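Have a look at the model, then we'll take the questions in turn.

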Amino acid sequence: MHHRLAPSSARGLLYVALAGIAWGTGGPTGALLFQHSGLNSTAISFWRLLGGAVWLAAASWVLCPARRRGPIVAQFAAAPLRYILSGLGLAVCQLGYFAAITRVGVAVATVISLGAGPLFIALGARERITGTLLLAVLGLALLVSDGGGTGGGSIAGVAFSLLSAAGYALTTLLNRDQQDPITSALLGFTTGAVILLPLAMAGGITPAAGSWPLLAYFGLVPTALAYALFYTGLRAIRASTAAVIALIEPLLAALIGVLAFHEHLTTLSLTGAAVLLAAVLLQARRE
């Protein structure tokens with residue numbers, strides 16, 4: 001197993017910010033896949049995790065021949081429960097979010113899942129819940145305030161949103177201080193894909209031929225690259241700080257929606273974007 005020096009705090013912040021940017025392209029990509037792949041949310045999530053695992057395995061094989069099958073298997077064998085739970089967290093994060101959307105709508109599901117995630121992480125890491133963190137949650141709520149909802153106050157929808165946040169928090173906490181974050185991400189994706197495979201097969205797992213480029217991108221940028229950067233950044237900054245910085249994701253997704261899909265943001269949403277951006281910058285400065 002390779003042991004690398006932990007990045008500095010400044011680089012850690014940069015890695016997490018880049019991860020948030022990469023994640024921000026995931027929402028629009030997922031929306032396109034829903035339209036053109038012929039897959040349901042579970043199958044798309046399966047292909048996302050499997051694609052992420054394949055991309056990271058290929059990168060490891062090319063860039064670091066010493067970290068091939070033997071060391072990867074040895075790392076899993078040394079702490080199998082960690083990687084199984086990490087994969088479970090990744091699977092639950094996505095399944096919970098998609099299940100919540102059908103019950104409470106995109107806006108409520110996004111606010112609860114992305115907003116509760118940093119709170120759960122702070123509690124799990126025994127870090128203080130700061131005013132900046134709460135400000136970020138407020139900005140997020142305002143940003144998606146015009147996203148609409150389909151399920152009103154559905155208790156099940158709220159529960160699924162919280163489950164998604166818990167999955168995100170679990171995989172984040174398990175991947176703090178990892179000596180080899182790339183292999184950790186690879187093992188998490190692999191176990192997550194294995195967990196999702198039976199559920200994905202039940203609803204149909206074969207994508208439309210024309211959707212393969214989108215699936216390849218989904219596995220590469222908002223999955224393999226994003227999580228590798230995020231886990232690497234976690235080695236240098238606090239987990240709760242990383243979760244706040246990663247909220248760049250909905251900011252970029254909103255920008256893509258405006259530029260590429262001709263969506264319009266209300267004054268309230270623009271205010272939320274400004275508040276969220278201010279909270280991200282304040283959190284980065286305090287780190």
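Q: Which helices each supply at least two residues of the lining of the second largest pocket?
A: Helix H3 (41-63) and helix H9 (212-233) do. Keep in mind that this is a predicted model. H3 brings the largest share of that lining, with six residues.

Q: What makes the lining of the second largest pocket nonpolar, polar or charged, residue by residue?
A: Its residues split into 10 nonpolar, one polar and one charged. Ala, Leu and Trp count as nonpolar. The pocket itself has a volume of about 150 Å³. Of the 12 residues lining this second largest pocket, Trp 55, Leu 56, Ala 59, Leu 220 and Ala 224 are the closest to its centre, so those five go in the nonpolar group by the definition.

Q: What is the volume of the largest pocket, and which residues lie nearest its centre?
A: The volume comes to about 1,300 Å³. The lining has 43 residues, and Gly 27, Tyr 97, Val 106, Thr 110 and Ala 253 lie nearest the centre.

Q: How do you know which helix gives the largest share of the lining of the largest pocket?
A: Count by helix: H5 comes out with the largest share, 11 residues. Among the helices that each supply at least two residues are helix H2 (26-36), helix H5 (80-124), helix H7 (155-174) and helix H11 (248-261).

Q: How do the residues lining the largest pocket divide into nonpolar, polar and charged?
A: There are 27 nonpolar, 12 polar and four charged.

Q: How far apart are Val 194 and Leu 49 in sequence and in space?
A: They are 145 residues apart in sequence, and 9.2 Å apart in space, C-alpha to C-alpha.

Q: Why is Leu 14 called partly exposed?
A: Leu 14 has a relative accessible area of 45%. Leu 14 is in helix H1 (residues 9-24).

Methods: Residues numbered from 1 in each chain as written. Predicted model: local features only at pLDDT ≥ 70, side-chain atom pairs only at ≥ 80, totals over all residues. Heavy atoms only, no water. Helix = DSSP H or I, 4+ residues; strand = E, 2+ residues; numbered from the N terminus. Buried < 20%, exposed > 50% of the residue type's maximum accessible area, 1.4 Å probe, protein only. 1 Å grid on protein atoms, 1.4 Å probe; cavity = no way out; pocket = protein on both sides within 12 Å on 5 of 7 lines; lining within 4 Å. Points joined across faces, edges and corners; volume = space filled by probe spheres on them.
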